[in-house]
Protein chains: 2
Amino acid sequence: MSDQHETPAQASVEDSLKQVMDLLARHRLVESLVHKQDMPRHELVELLVHKQNLAELRNKLDKLHPADVAYILEALPLDDRHLVWDLVKADRDGDILLEVSDAVRESLIATMNTRELVAAAASLDTDEIADLAMDLPKDVVQELMKSLDIAKRAQVESSLSYDEDSVGGLMDYDFVTIRADVTLEVALRYLRFLGELPPHTDKLFVVERNGRLIGTLPLKRMLVHDPEAHIAAVMTDDPVLFHPSDPAEDAAQAFERYDLVTAPVVDPNNRLVGRLTVDVVLDFIREQGEQDMLQLVGLREEEDLFTTVWKAAKNRWLWLAINLCTALIASRVVGAFEGSIEKLAALAALMPIVAGMGGNSGNQTSTLVVRGLALGLINKDNASRILTKELGIALLNGSVWGSVMGVVTYLLYGNAALGGVMAAAMLLNLIVAAMAGYLAPAMIDRLGRDPAFGSAVLTTFITDSMGFFIFLGLATVVLL
Amino acid sequence: MSDQHETPAQASVEDSLKQVMDLLARHRLVESLVHKQDMPRHELVELLVHKQNLAELRNKLDKLHPADVAYILEALPLDDRHLVWDLVKADRDGDILLEVSDAVRESLIATMNTRELVAAAASLDTDEIADLAMDLPKDVVQELMKSLDIAKRAQVESSLSYDEDSVGGLMDYDFVTIRADVTLEVALRYLRFLGELPPHTDKLFVVERNGRLIGTLPLKRMLVHDPEAHIAAVMTDDPVLFHPSDPAEDAAQAFERYDLVTAPVVDPNNRLVGRLTVDVVLDFIREQGEQDMLQLVGLREEEDLFTTVWKAAKNRWLWLAINLCTALIASRVVGAFEGSIEKLAALAALMPIVAGMGGNSGNQTSTLVVRGLALGLINKDNASRILTKELGIALLNGSVWGSVMGVVTYLLYGNAALGGVMAAAMLLNLIVAAMAGYLAPAMIDRLGRDPAFGSAVLTTFITDSMGFFIFLGLATVVLL
């Protein structure tokens with residue numbers, strides 16, 4: 001694919017984006033002129049300029065790599081995006097739809113009719129069709145399936161049956177197999193007969209007659225070994241294997257660890273069913289990283305920069321609702337001490353500091369624990385060591401920052417007892433924070449959920465409520 | 001490399017980790033017995049068992065891929081980690097040091113003497129030596145440089161001169177070049193003469209006599225074309241190029257976008273100076289993602305799960321200090337309204353809700369903006385549209401959640417005016433949050449810093465302080 005179009009690096013993509021935006025601006029300007037001045041004399045001239053801009057734009061787009069067109073579509077507001085999308089040649093629709101983010105894909109698909117969608121999808125490989133099919137309306141998918149031959153339809157159906165985050169959901173069916181009992185010479189002739197190899201092919205898969213995988217033959221080895229050698233002698237027999245049901249995250253870690261470019265996917269009988277390639281793994285890792293960041297603040301992947309206000313607001317509601325609930329509960333803790341606060345309003349000013357420092361410190365712990373759990377580095381044998389270490393840090397940091405705040409409080413309010421309460425509350429809440437930061441993700445993980453999602457909310461909830469309780473409680477007992 | 005050792009997937013790595021931990025536990029048990037019972041009769045037997053466990057452990061480690069040994073080292077507490085490290089064969093030290101995280105690498109290097117370190121580094125490629133050298137003591141680096149031949153030393157020095165996050169810092173020097181005027185047959189003979197190709201080689205680089213790059217020759221093309229063809233006719237002439245000073249992030253995006261496996265790096269005169277490979281890019285992307293997550297809570301990369309308490313605490317101080325300062329300022333805002341709080345303590349209970357909802361909402365906006373800036377999707381032409389959209393969402397969410405909280409406040413306190421103040425304050429602070437969430441990263445970006453780092457602190461600081469100010473100020477004016 002990348003051979004057909006310009007494949008410039010980041011800097012030039014941003015240049016392309018600027019050029020496209022300039023052309024769009026010129027187009028919009030002419031368009032507004034045409035609408036404003038209804039003088040027939042000018043009409044023709046302006047229509048020509050108008051068309052010229054669009055022609056230039058189309059020309060520019062045709063020369064860009066599908067991934068770059070996708071990038072430009074992501075950066076454009078909805079109306080400009082649709083205009084550009086209309087200008088893109090129909091035979092490239094499928095490739096571009098695969099490259100854009102889910103949210104942008106949705107906005108593009110909404111502008112296309114069934115015929116266009118089926119045509120766009122039909123130009124793709126079966127694993128790509130399956131990726132796209134998940135976002136298509138049901139009737140389009142039915143239409144699409146009807147247009148495929150039986151073998152392809154079966155592949156698409158099997159692809160669709162796997163979880164999106166499993167190896168089966170990422171694998172493709174583009175591989176070259178070879179038998180072990182032939183010579184390299186024969187294999188080379190076979191490749192020349194094929195004429196073209198699937199993208200990313202760095203090895204052939206060596207299989208038995210029944211389809212069982214027995215090894216792999218890296219292209220590099222084919223090139224440096226004597227053509228008379230038998231494949232059985234040249235192949236490597238310990239390939240890293242995956243099963244369609246393996247979590248994609250495990251495969252991503254294996255690709256990273258063993259520096260793979262492609263890897264075979266086999267069924268329980270060791271029969272070859274598909275292939276994983278590094279480009280798909282790379283996309284997966286990048287998407288996972290982004291999703292983790294977005295999930296931290298309760299944004300689902302499906303929001304693009306120009307989503308409509310209504311859709312975006314709904315997207316963020318669940319998160320805000322959860323946080324409103326936890327904030328309300330913490331607020332009730334404070335409410336229980338309203339009597340104390342009436343007597344000493346300084347407590348109201350100081351309490352957010354205790355809660356906030358606990359939240360920060362607790363989230364430092366929980367971030368490390370979430371990462372350790374994700375990498376499988378934490379198990380029951382070393383868990384207590386990690387918790388002990390975190391408690392030690394909390395003790396140290398709590399003493400240091402508690403003392404600092406104790407002194408600051410004394411300087412601000414000239415009240416030594418208040419300073420002492422502040423120092424003690426900070427220390428205690430940092431210890432609570434270490435426990436919460438450790439236990440929250442561990443608990444969520446034990447429940448079989450992804451700790452990356454809920455840990456921050458839960459930790460902050462505990463450190464807020466407990467921070468208020470410890471500080472106001474201590475103050476009530478000691479000072480009032 | 002991956003051909004020499006078992007390369008199992010994630011599940012089996014975790015099995016290996018468990019086996020190693022079992023052997024370590026048995027070893028520790030015997031060790032404690034030997035220490036407790038000083039009976040000479042038993043000594044011999046126990047020493048034997050002792051040695052047997054270690055031998056089994058060493059055996060197990062020898063069979064593991066360096067990346068898997070690295071994984072196991074990361075999961076082990078310091079004492080066990082050092083024991084395992086001592087058992088690893090010296091000739092694998094270099095490869096394993098490259099695979100572990102920076103923090104763990106530091107802990108391992110601390111246990112090695114100059115001779116061991118020089119020996120470990122000397123077994124590596126020049127780009128890998130440069131990676132390692134950054135973490136080695138100065139005198140070891142000097143010793144190491146002396147042990148290299150002139151050509152290698154020059155490469156290491158040039159590698160060290162590039163920024164770690166630039167293409168120069170990631171590239172290697174392991175490539176095969178070929179001239180355009182020979183036939184494929186000649187090229188194939190040349191490869192057979194070389195006997196082995198560098199890892200990840202998916203293409204040869206076609207250069208002129210003076211070293212200028214004129215194209216690339218994918219191995220796939222070599223295999224499927226007629227051996228009589230000239231390379232000039234078979235090569236592709238539009239490779240994606242990088243310069244050593246390009247940001248690594250740009251290269252990573254290009255690898256992702258154009259599905260690359262390797263890419264040439266050239267100097268300003270288009271002379272080939274190095275090569276980027278997808279495995280290094282994959283590691284870079286994963287590390288960047290992790291660093292972003294850790295930076296969000298002020299953890300630098302250099303903390304591993306078993307760092308000493310003292311070191312870890314220091315690592316987290318800067319962040320806690322910054323947050324203490326911002327919390328103090330917000331606390332002073334509350335302090336200014338202590339008079340109002342004394343009259344109506346309910347304000348103290350309600351104010352964290354206004355601040356907290358603003359913080360959540362503002363960080364949703366800033367996360368999207370940080371991502372948009374990182375991908376280059378936000379520029380001056382679409383900036384105002386994004387801000388307008390975020391303000392629209394804030395208006396909508398502020399009205400909805402403000403009303404909800406207004407009603408809840410009324411129900412809790414039976415005070416309609418207080419409910420009204422609450423609703424208005426929520427709405428206003430969500431609008432402040434949208435502006436802060438947009439402007440904070442945009443400003444940090446304009447200053448040439450990474451917005452991923454400071455945006456969350458700055459946004460939260462603004463929403464906290466302004467939340468308190470708006471709510472308490474409104475309450476003072478309206479209610480008291």
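This is a predicted model: local features need pLDDT of at least 70, side-chain atom pairs count only at pLDDT 80 or more; totals for chains, interfaces and linings use all residues.

Reader: What do the buried residues of H9(B) pack against?
Author: They sit against helix H7 (114–122) and helix H8 (126–133) of chain B. Here packing means contact, with C-beta atoms, placed from the backbone, within 7 Å. Helices (H or I, at least four residues) and strands (E, at least two) are DSSP runs, numbered from the N terminus.

Reader: OK, which residues of H9(B) are buried?
Author: In helix H9 (residues 138–147) of chain B, they are B:Val140, B:Val141 and B:Leu144. They cover an arc of only 100° around the axis, so they are on the same side of H9(B). The arc is taken from the directions from the helix axis to the C-beta atoms. As for "buried", a residue needs 20 or more other C-beta atoms within 10 Å of its own; exposed means 12 or fewer, and partly exposed is in between.

Reader: And which residues are exposed on the other side of H9(B)?
Author: B:Lys138, B:Asp139 and B:Lys146.

Reader: How many residues of chain B are in contact with chain A?
Author: 109 residues of chain B are in contact with 109 residues of chain A. On the chain B side, helix H19 (residues 346–374) gives the most, with 16 residues. By class, that side has 57 nonpolar, 25 polar and 27 charged residues. Ala, Val, Leu, Ile, Met, Phe, Trp, Tyr, Cys and Pro count as nonpolar, Asp, Glu, Lys and Arg as charged, and the others, Gly among them, as polar.

Reader: New topic: at what angle do H19 and H21 of chain A pack?
Author: Helix H19 (residues 346–374) and helix H21 (residues 416–446) of chain A pack at about 30°, with their axes 7 Å apart. That angle makes H19(A) roughly parallel to H21(A). Their contact has 20 nonpolar, nine polar and one charged residues.

Reader: Which residues of H7(A) and H9(A) make the contact between them?
Author: A quick bit of geometry comes before the names. The axes of helix H7 (residues 114–122) and helix H9 (residues 138–147) of chain A come within 9 Å and cross at roughly 50°. That makes H7(A) oblique to H9(A). From H7(A) the contact uses A:Thr114, A:Leu117, A:Val118, A:Ala121 and A:Ala122, and from H9(A) A:Asp139, A:Val140, A:Glu143, A:Leu144 and A:Ser147. By class, that contact has six nonpolar, two polar and two charged residues.

Reader: How are those axes and angle words defined?
Author: Axes are lines fitted to C-alpha atoms, for helices over the stretch in contact, and angles run from 0 to 180 degrees between N-to-C directions. Under 35 degrees is roughly parallel, over 145 roughly antiparallel, 65 to 115 roughly perpendicular, and the rest oblique.

Reader: Last one: where is A:His200 found?
Author: A:His200 is in the loop between helix H12 (184–194) and strand E2 (203–207) of chain A. Its phi is near 70°, a positive value in a residue other than glycine. Most residues other than glycine have a negative phi. A:His200 counts as buried because it has 23 C-beta neighbours inside 10 Å.

Technical notes. Residues are numbered from 1 along each chain as its sequence is written. Chains are lettered from A and ligands numbered from 1 in the order in which they are written. Two residues are in contact if their C-beta atoms, placed from the backbone, lie within 7 Å.
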